[in-house]
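The sequence and structure come before the details.

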Amino acid sequence: MLAVMSDGSNGQTNNDGQIASNGGQDNTFLTLMIAQIQNQTPLDPLDTTQFMTQLAQMTQVETMQNMNSTVTNQMVLLDNIQVLTTAGMVGQEVRVSTNEIEFEGETHNGVIDLTSSVETLNIEIRDDADQLVKTIELGANKEGEVEFALDPKALGLTDGHYALKVVTDDSDYTPELMIEGVIDKMRIPPGGGSPEFLISGVGYVPFFQVTQYGDLEPSDDAPTVSPFMSRLARN
């Protein structure tokens, strides 16, 4: 008669041939294996290689399940850390990449990031009906950041929502436009996802659209102010 031996780590066999074990799938597998051995045909014994293969497969499945659980827990932890970190940014000055702006009587500063020199640099402002209402001409500029200011009163624009578009002499090249503002609030979207910042003049934007945090004062080696800003400052 075939006897089945087991140690304390995998389980012990009682008088009824049942397994008392601390392993979930291992316990189930050993129970089934003992039942097959007890009911095998003496003239056609079972192949032990099949048992080993099945045990390896079950162990692999259990390992993958444990890994999935660990990854899920780590993702939840990272999400919590992300929320706590972004919540601490409320009140900071930032630059956000956007093509929209909300005028409420205040002037909004921004920059255009040029990766190459251009002969013509304009900002087109369109209303909600997609009608061109104002074009700001910034002239020729070298590679680098080009600063600008949007004063709705000086531009003759009423309060409301507008779309912004950067146009250059190269129709295939659209530089990045960034608006400066202060983070007023932070929220988690109702449907879940990445935290969003409420930025003055821009509205709610995903945190990954923020391109710069902290002090936005120009440094000594910052590019010169464009002629448009100089004229606007004199007005």
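## Terms and basis

A residue is called buried when its relative accessible area is under 20%, exposed when that area is over 50%, and partly exposed in between, as computed with a 1.4 Å probe on protein chains only. The structure is a predicted model, in which local features need pLDDT of at least 70 and side-chain atom pairs count only at pLDDT 80 or more, while totals for chains, interfaces and linings use all residues. Residues are numbered from 1 along each chain as its sequence is written, and side-chain values use heavy atoms, with hydrogens and water left out.

Strands are DSSP runs of E with at least two residues, numbered from the N terminus, and two of them pair if DSSP finds at least two bridges between them.

With a salt bridge taken as a side-chain nitrogen of Lys or Arg within 4 Å of a carboxyl oxygen of Asp or Glu, a search of the whole structure finds 4 of them. One joins arginine 95 to glutamate 145, at 3.1 Å from N to O; this pair links distant parts of the chain, since arginine 95 belongs to strand β3 (residues 93–97) and glutamate 145 to strand β8 (residues 144–150), 50 residues apart. Arginine 95 is buried, at a relative accessible area of 5%, whereas glutamate 145 is partly exposed at 29%.

Arginine 95 also meets glutamate 180 in a salt bridge of 3.3 Å, N to O. Because glutamate 180 lies in strand β10 (residues 176–187) and arginine 95 in β3, this contact ties together parts that are 85 residues apart in sequence. Both arginine 95 and glutamate 180 are buried, and Arg95, Glu145 and Glu180 are linked in a network of salt bridges.

## The pair of arginine 187 and glutamate 196

Another salt bridge is formed by glutamate 196 and arginine 187, whose closest N and O atoms are 2.9 Å apart. Here glutamate 196 is buried, at 16% relative accessibility, while arginine 187 is partly exposed, with a relative accessible area of 33%.

Terms used:
Helices (H or I, at least four residues) and strands (E, at least two) are DSSP runs, numbered from the N terminus.
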